[in-house]
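Take a look at the model below.

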Amino acid sequence: MNKIILITGASSGFGKAAAERLAARGHIVYGTSRKPFLHETVRFLQMDVRDAESVKTGVETIIEREGRIDVAICNAGMGIGGSLEMATHEEIELQMQTNFMGCVNVCQQVLPYMRKQRSGRIINLSSIGGVMGLPYQGFYSASKFAIEGFSEALSAEVKGYGVTVSIVEPGDFKTGFTASRKNSDATMQSEAYGESFRRSLQIIEKEENGGLAPEVLAKTIERIVNARCPKLRYPVANLEQRLSILLHTILPGNMFVNVLRSYYKV
Ligand SMILES: NC(=O)c1ccc[n+]([C@@H]2O[C@H](COP(=O)([O-])OP(=O)(O)OC[C@H]3O[C@@H](n4cnc5c(N)ncnc54)[C@H](OP(=O)(O)O)[C@@H]3O)[C@@H](O)[C@H]2O)c1
């Protein structure tokens, strides 16, 4: 059966690839962007996920037009690079408001309809950075750890209403994410962190630019949409990154921190 699907951040990267893939399969896909545009197969809505009113209006528009909402994919997000010590409150707020509160806003708006339907599927984009604390992407990691905890608890609360929650944990992918990362000026110019940050950033950007194509992740999203009984977590990463997730679970904490320090040349 064709589903009514909302996907935030559909103008680029994962969101674009997943929206186009799902629309090509016959689903009715509403994509969002802060600057919407006409698209052949995806219906675009204006939405800034940081603004709860803007999310409410977008969700109400879908309900008015379609009468229901089957799948919500909370994908919109961005990254801040820099030291934890030197991050400004504006940077931290931008990071948490976009990635974490953006996801919360969408979930809170779609849930009343999904509960009433007694069916629905929520798919939240975390990251490998939601599994381990990535140096110089610390607030990004914090926003994704928040999504992990929120989504796991939400899954427990809404399962009884026929709503499933899944978390997607991508490793490095080649998308618009790298170019739109906001790097901390204070860290760049810092005597304490500047050199180390620039070294790490080179590694981070090289991995992302050489990363998997977003279409790989779009396939996983389609699999979750179609699954009879979706899993809670879906890591999607290359072998090395999947191995790092395994190491994170088996190595003593301090030893894993040393692995991170050495890998990112901190
Ligand atoms: N690329 C990776 O390696 C990677 C790895 C792990 C996790 N992720 C996660 O995957 C998700 C998608 O990222 P991507 O890699 O596809 O990046 P991307 O190509 O930069 O796309 C980001 C999307 O988010 C939207 N967005 C950003 N801020 C927004 C806001 N305030 N309100 C509404 N939409 C907003 C953008 O839309 P507009 O600018 O048009 O509004 C854009 O469509 C993010 O949550 C990211 O953290 C990415």
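Arg181 sits in the loop between helix H5 and strand S8, which covers residues 182–183. This is a predicted model. Is Arg181 buried or exposed? Arg181 has a relative accessible area of 7%. Buried means under 20%, so Arg181 counts as buried. Its side chain also has a partner: the side chain of Arg181 makes a polar contact with the side chain of Glu208, at 2.5 Å.

Pro135 lies in another loop, the one between strand S6 (120–125) and helix H4. Its relative accessibility is 19%. The cut-off for buried is under 20%, so Pro135 counts as buried.

Now consider Ile250. Ile250 belongs to helix H9, which spans residues 239–250. Its relative accessible area is 57%. Exposed means over 50%, so Ile250 is exposed. Ile250 also takes part in a nonpolar surface patch. Leu243 and Leu246 are the other members, and the patch has an area of about 310 Å².

Next comes the ligand. How many residues are around the ligand? There are 29, and Ser11, Ser12, Ser33, Tyr140 and Thr175 come nearest. By class, the shell holds ten nonpolar, 14 polar and five charged residues. Three helices each supply at least two residues of this shell: H1 (13–24), H4 (138–158) and H5 (177–180).

| Residue | Part of the residue with the N or O atom | Distance to a ligand oxygen atom |
|---|---|---|
| Thr175 | side chain | 2.6 Å |
| Gly176 | backbone | 3.0 Å |
| Gly77 | backbone | 3.4 Å |

How much of the ligand does the protein cover? On its own, the ligand has 890 Å² of accessible area, and the protein covers 93% of this.

Thr175 is among the residues that come nearest to the ligand, and its side chain has an N or O atom 2.6 Å from a ligand oxygen atom.

Notes:
Residues numbered from 1 in each chain as written. Predicted model: local features only at pLDDT ≥ 70, side-chain atom pairs only at ≥ 80, totals over all residues. Heavy atoms only, no water. Patch = residues over 30% accessible without salt bridge, like charges linked within 9 Å, V, L, I, M, F, W, Y side chains within 5 Å. Areas by Shrake-Rupley, 256 points an atom, 1.4 Å probe, with all protein chains shown as cover. Salt bridge = Lys/Arg side-chain N within 4 Å of Asp/Glu carboxyl O. Helix = DSSP H or I, 4+ residues; strand = E, 2+ residues; numbered from the N terminus. Buried < 20%, exposed > 50% of the residue type's maximum accessible area, 1.4 Å probe, protein only. Near = heavy atom within 4 Å. Polar contact = N/O pair within 3.5 Å; in protein donor to acceptor, adjacent residues only side chain to side chain. Nonpolar A, V, L, I, M, F, W, Y, C, P; charged D, E, K, R; others polar.
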